[in-house]
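My entries follow in the order in which I made them.

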Amino acid sequence: MEATVEYSPPPVVDYTDIYEAIMQFNKNKTAFIHQWYPFVEGYSREFIESIINELDYEPTHVLDPFAGSGTTPVELQAMGIKCSSFEVSPFMHLLASTKLNTQYHLSSFERELTRMSGFLRGALLPIRQYMSPPLAKTFQPRKGLKKWVFDQGVMNGILDVKYTISCTDDAKYRSLFNVALASILLDVSNVYRNGKCLSYKKKWQETKMSRREVHERFLAKLEKMKDDIAQIEKSEYLVQNRFDCHYGDVRSSIDVLAEDSIDLVITSPPYLNSRDYTDIYMAELWMLGLVSSYEDIRALRRRTLRSHVQVKLGEVETPEVSKLQESLRALDAVDADLWNEDIPNMIKAYFLDMDLLFKKMKAKMAPSKKVFFNVANSAYYGVKVDVDEIVSEIADQHGFHVEEIREARKLEPSSQQKKQVGKLRESVIVMTS
Ligand SMILES: C[S@@+](CC[C@H](N)C(=O)[O-])C[C@H]1O[C@@H](n2cnc3c(N)ncnc32)[C@H](O)[C@@H]1O
């Protein structure tokens, strides 16, 4: 009889001293290029730096399966290291690839800025004859609606900006200006990003912003980007990671990578927290014209990792992972009145997606190379789902050696879960292929 080796979970090591500050995007808010768009769900450039510094080899081809705002490929590009990345959201992909572009010239940027400020500070056009607002139902006031995301004047101001951006011939500057527009959208709107959703600001009905104010915020953002453009023009880049920043669902798009070609993975997938990125980036997606119908939204949701309940999943098979099965059993025992059966299906589907990802990553990686995988644990109905331990077990099943789980931060769960489960661990799983 063949002896089976028992799986033993990896040690959990306290890294909060080192990681607490650098696992948040906050630090990027004033950093070269990273500051172009305030992305909440990202980590900082220092996280990438800390990994490169601790390695005992020099990576030549890094993979980030979930590019988000592009922190990993942007930072590695500055270090001269090639990085292949994948992103399913057209907005995040636009953001990451625009930040990776190295072909900007300050003189062209300033010429366009002068043209746009001339237009925006001149006589106002009857803009709706030239540009239409998106079809999103709650984006502007209309009969019967109690709340709307943009007031009329603000919407006109945004349309003016979109119009003047559309007059830019060069596609790379159009993308750059669209990123600048995206970065002011929530500021000029009646909503803010509130964890899993967009919520209305306090007293939003009383605060009115003018059409001209929108123009000025946009122009001010471009002024702030000027120094970065000048610095990009002066820099020498050894690699151009934008050509390897792929738009698509990594579960299938990863197939474009050659076998054994990757020697480091740094990434952070969507957490298992029911946060639907398509929902929380609705303003950017619609206003930049990256979606134009509700069917586009549904199609995008179907392409995202199954970490939310916005797509009906139906019956989902249970992955063979002992730690996961423990959590599912505990959930099964929860009072049936509370029950939303989409939740256990989402949990199973999330780990099936992880299973596929680790299977494919293993084939793409050269042997004995590192993976740094940033995740957070979750809780539903008072039951903890130890995502880091479950992912470790899945990785082990695919032949990765999990060295340790580094505790990075303690996160507050939602108020309903707080009493029952306390704080939840955010961590970085370190493994070797
Ligand atoms: C936690 S964020 C990554 C943040 C990134 N590390 C940063 O610093 O900006 C996860 C990203 O995964 C993307 N994503 C979700 N499902 C995906 C899929 N199937 N393929 C590729 N990307 C996906 C989301 O759109 C989101 O931008």
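Entry 1, terms and source. I take helices (H or I, at least four residues) and strands (E, at least two) as DSSP runs, numbered from the N terminus. By that reading Thr-432 belongs to strand β12, residues 424-432. The model is predicted, so I keep in mind that local features need pLDDT of at least 70 and side-chain atom pairs count only at pLDDT 80 or more, while totals for chains, interfaces and linings use all residues. Residues are numbered from 1 along each chain as its sequence is written, and side-chain values use heavy atoms, with hydrogens and water left out.

I call a residue buried under 20% relative accessible area, exposed over 50% and partly exposed in between, with a 1.4 Å probe and protein chains only. I then looked for a partner of its side chain and found a polar contact with the side chain of Glu-403 at 2.5 Å. A polar contact here is a pair of N or O atoms within 3.5 Å; within protein, one must be able to donate a hydrogen and the other to accept it, and residues adjacent in sequence count only if both atoms are side-chain atoms.

I followed the pairing of β12 and found β8, with 7 bridges in the antiparallel sense. Two strands pair if DSSP finds at least two bridges between them. In β8, 9 of its 12 residues are buried. Strand β8 (residues 365-376) also pairs with β7, in the parallel sense, over 5 bridges. There Ile-266 has Phe-372 of β8 as its bridge partner. I checked the cover of β7 (residues 262-267) as well: 6 of its 6 residues are buried.

I went on to β2, which pairs with β7 in the parallel sense over 2 bridges. Val-62 stands opposite Leu-264 in β7, and in β3 the bridge partner of Val-62 is Cys-83. How many bridges join β2 to β3? I found 4, between strands that run parallel, with β2 spanning residues 61-64. From β2 the chain passes through helix α3 (residues 71-78) to reach β3, a right-handed β-α-β crossover. Right-handed means that, with the strands pointing away from the viewer, the path from the first strand over the helix to the second runs clockwise. In β3 (residues 82-87), 5 of its 6 residues are buried. I found 3 bridges from β3 to β6 (residues 245-247), again in a parallel pair. Ser-85 has Cys-245 of β6 as its bridge partner.

The shell holds 25 residues, and the closest are Ser-69, Thr-71, Glu-87, Asp-249 and Val-250. I sorted the shell into 12 nonpolar, 9 polar and 4 charged residues. For this sorting Ala, Val, Leu, Ile, Met, Phe, Trp, Tyr, Cys and Pro count as nonpolar, Asp, Glu, Lys and Arg as charged, and the others, Gly among them, as polar. I also looked up backbone atoms beside the ligand. A backbone N or O atom of Leu-305 lies 3.0 Å from a ligand nitrogen atom, and a polar backbone atom of Val-88 is 3.4 Å from a ligand nitrogen atom. For Tyr-43, a backbone N or O atom lies 3.2 Å from an oxygen atom of the ligand. The protein covers 99% of the 610 Å² of accessible area that the ligand has on its own, by the Shrake-Rupley method with a 1.4 Å probe.

Ile-33 is not a glycine, yet I found a positive phi of about 65°. Ile-33 sits in the loop between α1 (16-22) and α2 (45-54) and is buried at 4% relative accessible area. Lys-203 has a positive phi near 55°. Lys-203 is in the loop between β5 (197-200) and α8 (211-234) and is exposed, at 58% relative accessibility.

I placed Val-387 in helix α15 (residues 387-397). Its relative accessible area is 1%, so Val-387 is buried. From Val-387 to Asp-64 I noted 323 residues in sequence and 19 Å in space, C-alpha to C-alpha.

How values were computed: Near = heavy atom within 4 Å.
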